[in-house]
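Open the model in your viewer and keep the selection panel handy. This tour goes from one ligand to the other, contact by contact.

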Amino acid sequence: MINKEQLNSNIPKHVAIIMDGNGRWAKKKGLFRAVGHENGTKAVREAVESAAEIGIKYLTLYAFSTENWNRPKLEVETLMRLLVSSLKKEIKTLQKNNIRLNAIGNLQALPEKARKELLEVIEKTKDNDHMTLSLALSYGSREELIKTIQEISIKVKNNVLSPHLINEAVINKHLYTKSLPDVDLLIRTSGEQRISNFLLWQIAYAELYFTEILWPDFKKTDLFEAILNYQQRERRFGKTSEQLS
Ligand code: IPE
Ligand code: IPE
Ligand code: MG
């Protein structure tokens with residue numbers, strides 16, 4: 001069991017998590033997938049509070065991908081219902097921990113009720129400044145990049161922007177993540193080692209951490225273990241080790 005005293009002051013500023021394995025967690029126990037998702041929301045609360053506790057400034061959670069719309073209708077409905085009930089319930093947790101809620105993704109695609117609840121919590125927590133929690137909802141990195149290219153193209157066409165001025169900062173400004181720094185640490189649970197269309201641009205230099213633990217079983221100590229592992233790495237950003245010391 002890792003506790004926070006074992007961590008040093010090098011806390012990653014932006015941690016992103018692909019919360020995977022709810023379905024397999026339920027299946028292993030002979031339960032419906034929906035029960036896995038319900039228990040997944042409990043793990044979300046623990047991860048959010050633990051991240052805030054150790055001073056992570058930005059936590060981004062992959063909650064629903066553009067590809068997840070292709071799941072059975074009933075499962076999609078369950079996930080949207082859980083989103084609404086969690087938002088209603090967890091606003092207290094956010095306020096208590098001084099956490100600002102943010103959302104990334106094509107929010108227009110969400111059911112009206114979910115979008116309304118989401119925007120309400122975002123508005124109510126907008127002055128909180130201890131941590132920014134971003135929920136990736138109906139999020140797909142390719143969709144985000146297409147939107148970005150479309151917006152930039154329109155500016156070029158209207159002579160608002162000259163093509164040779166397009167740089168990383170201009171692209172960042174058009175992404176859903178415009179208010180967030182680059183990801184430092186990307187965690188994926190459930191043993192899968194893939195990115196599944198999450199933050200492709202933003203993880204260019206992130207450290208990747210994969211764990212076999214299924215999302216509903218992911219506890220505070222598991223987050224701390226991922227941070228400890230991150231702290232043992234040397235981030236060279238293309239330089240040599242000698243240049244860093
Ligand atoms: C993650 O768990 C939750 C979402 C993708 C919404 P899964 O539902 O993908 O669980 P597995 O991968 O089937 O176990
Ligand atoms: C990625 O998990 C999306 C979320 C965690 C929300 P999936 O379970 O949908 O991804 P694949 O299908 O294993 O790539
Ligand atoms: Mg999955």
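Select ligand 2 and the side chain of R194. An oxygen atom of the ligand is 2.8 Å from an N or O atom in that side chain. Taken alone, ligand 2 exposes 380 Å². The protein buries 78% of that. Bear in mind that this is a predicted model.

Select I18, M19, D20, Y62, A63, F64, N68, R71, R188, R194 and S196. Color these residues by class. Five are nonpolar, two are polar and four are charged.

Which strand gives the most to the shell around ligand 2? Select residues 58-65 to see it: this is strand β2, and it supplies three residues.

Move to ligand 1. Select M19, D20, G21, N22, G23, R24, R33, H37, A63, N68, R71 and L79 to display the residues around it. Color by class again. This shell has three nonpolar, five polar and four charged residues.

Keep R71 on screen. R71 is listed around ligand 2 and also around ligand 1. An N or O atom of the R71 side chain is 2.7 Å from an oxygen atom of ligand 1. N68 is another residue found in the shell of ligand 2 and in that of ligand 1.

Pick R24. Its side chain places an N or O atom 2.7 Å from a ligand 1 oxygen. Then pick G21 and show its backbone. A polar backbone atom of G21 is 3.3 Å from an oxygen atom of ligand 1.

How much of ligand 1 does the protein cover? On its own, ligand 1 has 380 Å² of accessible area, and the protein covers 86% of it.

Which elements give two or more residues to the shell around ligand 1? Select 22-28 for α1 and 33-53 for α2. The largest share comes from α1, with three residues.

Note on methods. Residues are numbered from 1 along each chain as its sequence is written. Chains are lettered from A and ligands numbered from 1 in the order in which they are written. This is a predicted model: local features need pLDDT of at least 70, side-chain atom pairs count only at pLDDT 80 or more; totals for chains, interfaces and linings use all residues. Side-chain values use heavy atoms; hydrogens and water are left out. A residue is near a molecule or strand if one of its heavy atoms lies within 4 Å of it. A polar contact is a pair of N or O atoms within 3.5 Å; within protein, one must be able to donate a hydrogen and the other to accept it, and residues adjacent in sequence count only if both atoms are side-chain atoms. Accessible areas come from the Shrake-Rupley method with a 1.4 Å probe; for residues, only the protein chains shown count as cover. Helices (H or I, at least four residues) and strands (E, at least two) are DSSP runs, numbered from the N terminus. Ala, Val, Leu, Ile, Met, Phe, Trp, Tyr, Cys and Pro count as nonpolar, Asp, Glu, Lys and Arg as charged, and the others, Gly among them, as polar.
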